[in-house]
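Student: Hi! Could we go through this structure together? I'd like to start with what sits inside.

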Amino acid sequence: MSNDIKIKKGLDIKLKGVAEKTTERAVLSNFYTLRPDDFHGVTPKLIFKEGAKVKAGEPVFFDKSNEAVKFVSPVSGEIVEIERAAKRRIVGIKIQADKEQIYQDYGKLNVASVDADTIKAHLLATGCWTFIKQRPYDVIAKPDLSPKAIFISGYDSAPLAADLDYVLQGKEAELQAAITALGKLTQGKVHVSVGKDSSSPLAGLSGITLHKVSGPHPCGNVGTQINKIDPVNKGETVWTIAPQDLVIIGELLLTGKFNAERIVALAGSSVKKPRYFVTKIASEVATMVYDNGVEQNGNDRIISGNVLSGKQVAPNGYLGYYSNLITIIPEGNDYELFGWNKPVFDKISNTRALTFSWLTPNKTYDLTTNMNGEHRNFVLTGNYEEVFPLDIYPMQILKSCLYQDLDEMEALGMFEVAPEDFALTEFICVSKQPHQQIIRAGLDLMIQEIG
Amino acid sequence: MGLKQNLHNLKEKYKGTKMAPAFNALHTFLYTPNDTAHGGTHIKSADDLKRTMNTVIMALIPCLIFGMFNAGYQHYLAAGEIQAVTGGFFSGEFWTLQNFILGFWKILPLVIISYGVGLGIEFLFAVIKGHEVEEGYLVTGMLVPLIVPIDIPWWMLIVAVAFGVVIGKEVFGGTGMNILNPALTIRAFLFFAYPTWMSGDKVWVQGAVERTKEIANGSTADAISGETILGSLAQSHHVDYSVMDMFYGFIPGSVGETSTLLILLGGLFLIFTKIGSWRIMLSAVLGALVMGYIFNVVVDAGWITETSKFYGLMSTEFWHHLIIGGMAFGIVYMATDPVTGSQTNKGKWIYGFLIGFISIMIRVFNPAYPEGVMLAILLMNVFAPTIDHYVVQVNVKKRLKRGKLKTA
């Protein structure tokens with residue numbers, strides 16, 4: 001039986017500014033900020049106070065509702081500031097890095113010879129657990145639930161995404177160690193998918209079920225792959241892990257050190273020379289974006305992640321915990337004369353209503369952040385289905401989230417989805433509805449009501 | 001630059017006031033707003049609701065212009081002042097300035113009333129309720145003058161539009177929330193409130209009603225017949241329009257519904273632009289053909305004789321139903337309304353098919369009002385959520401079954 005996944009529904013958004021395959025070492029960041037908002041649903045409980053010294057890989061806070069899940073510092077240094085928002089909610093833990101990095105030593109773990117519980121405890125204690133996400137709900141995995149399968153997408157089809165084949169080069173040993181360890185944590189299979197014509201180091205690993213994916217975005221989304229391979233049913237859990245994070249897990253198992261280093265792509269039409277950087281989780285984006293990048297004080301938006309699901313960060317902001325991409329595109333905060341009725345050649349559309357992107361499927365576009373219209377009620381139907389490959393009714397599930405009918409949300413497939421699965425429908429939405437927010441709010445409601 | 005900046009300053013000035021929606025509605029017609037995406041995708045596709053609605057209006061404009069020429073043509077033809085067109089669609093006898101001028105001055109007020117009253121109410125509601133003025137009425141406002149008889153008194157139209165916009169749409173929460181197609185709600189209101197102006201053999205040709213009154217008052221002028229083909233057929237009268245006349249639209253009827261050719265082109269344009277649903281259009285055509293064919297078979301089998309009051313319409317060749325009356329117009333422009341129609345792709349097949357099927361059924365069985373498409377669409381508007389429910393349940397059941405198989 002062929003394990004290949006081929007999808008037809010979707011949309012490739014081709015943007016200008018794909019990262020060139022050269023890697024530089026980013027300027028060392030002086031400050032690192034962990035943002036609890038990166039970990040959805042986590043209420044942080046601090047282990048250290050302001051002014052404390054931490055080692056790289058040493059836990060800084062844990063999840064209040066899941067105390068076993070520890071979050072570790074990416075570097076050694078001093079906690080200089082706990083940033084708080086209203087009601088003293090913690091929004092950032094700022095660490096000033098030491099010149100000489102000291103790592104917490106967790107010791108090597110021979111994954112082949114230890115049992116699942118040891119691996120689990122080890123991952124939890126070392127902060128590596130935070131890389132494991134679960135569905136339902138798209139949150140950090142609950143340690144007490146055993147997944148029916150683990151999914152790893154080695155192919156990122158999102159606009160301007162980092163080429164995972166490129167960034168994973170030479171990491172076979174780490175990847176293998178991580179896969180072997182994770183494989184012990186599930187009764188089911190470890191599904192790994194790679195692009196159809198890829199040379200991914202993931203393809204050669206043992207202990208995996210390999211899938212080759214092809215088709216337009218979102219074929220690389222792990223949600224699409226889960227839906228096609230082994231959809232989540234009520235009462236089941238699956239785990240998803242980004243391949244770059246496998247490298248960190250693998251290195252920890254092999255060396256005993258939590259090395260927060262990862263390769264990050266800098267891309268987007270505002271970037272002079274799009275390329276790759278070696279940097280660390282939570283480092284300042286300013287260390288990468290200005291040198292041969294964007295103009296100081298330019299009218300650009302810096303996004304940690306891709307243009308569909310990433311988070312906007314300020315120029316003095318920090319790389320997201322899970323991001324392996326910084327995208328910078330021009331802000332579109334300008335008016336356009338008769339923008340609603342004149343023929344459009346320089347924007348992407350999946351209709352042909354005097355929009356002509358269907359004529360030039362291979363053209364790359366320089367899109368801005370403009371809404372291209374105003375927020376409206378849902379009106380058009382049938383257009384979401386064209387870009388939504390999951391076996392779920394997108395508009396119906398969005399509406400069920402809006403009117404908060406838990407039974408209907410569950411029946412329509414909320415256990416299977418994550419906000420990013422609705423990024424494309426949000427992109428093409430004529431009514432400019434915030435689909436990902438709607439889904440996130442729906443998932444949060446389910447966590448709260450069903451758990 | 002100057003205009004853009006000035007408008008921007010005005011927008012900032014009105015922000016948060018009651019006037020903001022009204023000002024924004026006008027502003028956004030000139031300029032797409034400077035809003036940027038936040039909290040979701042950072043880029044957005046080029047389409048918005050204005051562009052979508054504008055596409056439908058573009059597909060309607062040919063019908064409107066044709067309607068203007070046809071209004072004049074039908075008037076002068078019925079009055080005996082000109083001869084019937086013999087050439088094809090582009091015949092110079094039809095596209096005359098004389099025809100256009102008469103139609104233009106009769107139809108322009110209808111368009112102005114429709115937009116004036118409808119948008120006026122939309123603005124009012126937007127200001128009171130503090131939401132933006134929505135674009136749905138742009139299409140409704142264009143549809144309304146195209147689906148009424150040309151001589152409709154203005155006050156009736158004003159009352160009907162007000163009713164349709166308020167009861168048909170605003171009470172539900174505006175565009176996207178309504179259950180019934182607003183344009184058809186307006187037409188249905190007219191039909192049930194003022195049936196003498198919406199049916200019969202006078203209202204469809206400009207001047208026919210007036211002439212009848214004159215004759216009643218002792219004028220010796222010849223009467224003008226204003227009967228539609230459907231009206232004739234319903235009374236088993238002889239119809240002397242050729243098939244091509246019907247297809248081109250050189251026949252009496254509501255202002256914009258007559259030219260099947262232009263409606264067909266409009267429909268193809270909507271399908272090409274992906275704004276109109278080809279599923280609904282195709283299945284509605286199929287539904288109409290099937291029902292028409294069943295009636296033909298019934299007649300051929302000899303169950304219905306010429307003495308039956310149903311004979312005229314039942315014996316009409318089944319595919320002729322598509323080119324007479326408002327069938328084509330209803331299918332292309334009204335049944336495809338995404339808000340009131342079926343929302344799932346499978347549901348659209350069922351929904352469209354039933355519209356076509358029921359339209360012809362009503363047309364044949366209701367001799368008092370031989371135009372069924374309006375009622376069929378309104379009926380199916382009501383049933384669309386039910387159809388969708390059952391379509392979605394298939395997906396839901398599949399999911400449940402999958403879960404059970406796993407645990408079993």
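Student: Which residues touch the most other members of the largest nonpolar core?
Tutor: Those are A:Trp129, B:Phe329 and B:Tyr333, in a core of 224 residues. Keep in mind that this is a predicted model.

Student: And which element gives the largest share of this core?
Tutor: That is helix 3 of chain B, residues 49-78, with 13 residues.

Student: OK, back to A:Trp129. What does A:Trp129 touch?
Tutor: Leaving out residues up to four places away in sequence, its contacts include A:Val69, A:Leu123, A:Ile140, A:Pro143, A:Leu185 and A:Trp239. A:Lys120 and A:Lys142 are also among them.

Student: Which residues does the second core include?
Tutor: A:Ala26, A:Val271, A:Phe277 and A:Val313 are among its 14 residues, and this core is separate.

Student: New topic: charges. How many salt bridges are there over all chains?
Tutor: A search of the whole structure finds 32. In general, side chains of opposite charge can pair when their charged atoms come close.

Student: What does A:Arg135 pair with?
Tutor: A:Arg135 forms a salt bridge with A:Asp421, where the closest N and O atoms are 2.9 Å apart. A:Arg135 lies in strand 10 of chain A and A:Asp421 in the loop between helix 9 and helix 10, so the pair ties together parts 286 residues apart in sequence. A:Arg135 also forms a salt bridge with A:Glu420, with the closest N and O atoms 3.8 Å apart.

Student: Is A:Asp421 buried or exposed?
Tutor: A:Asp421 counts as buried because its relative accessibility is 4%, and the cut-off is under 20%. A:Arg135 is buried too, at 1%, whereas A:Glu420 is partly exposed at 30%.

Student: Which salt bridge crosses between chains?
Tutor: One of them joins B:Lys398 and A:Asp391, with the closest N and O atoms 2.7 Å apart. B:Lys398 is in helix 17 of chain B, and A:Asp391 is in the loop between helix 7 and helix 8 of chain A. B:Lys398 counts as partly exposed at 47% relative accessibility, and A:Asp391 is partly exposed at 31%.

Student: And which residues are linked in a network of salt bridges?
Tutor: A:Glu374, A:Arg376, B:Lys50 and B:Glu135 are.

Key: Residues are numbered from 1 along each chain as its sequence is written. Chains are lettered from A and ligands numbered from 1 in the order in which they are written. This is a predicted model: local features need pLDDT of at least 70, side-chain atom pairs count only at pLDDT 80 or more; totals for chains, interfaces and linings use all residues. Side-chain values use heavy atoms; hydrogens and water are left out. A nonpolar core is a set of buried Ala, Val, Leu, Ile, Met, Phe, Trp, Tyr and Cys residues joined through side-chain atoms within 4.5 Å. Buried means under 20% relative accessible area, exposed over 50%, partly exposed in between (1.4 Å probe, protein chains only). Helices (H or I, at least four residues) and strands (E, at least two) are DSSP runs, numbered from the N terminus. Contact means heavy atoms within 4.5 Å. A salt bridge is a side-chain nitrogen of Lys or Arg within 4 Å of a carboxyl oxygen of Asp or Glu.
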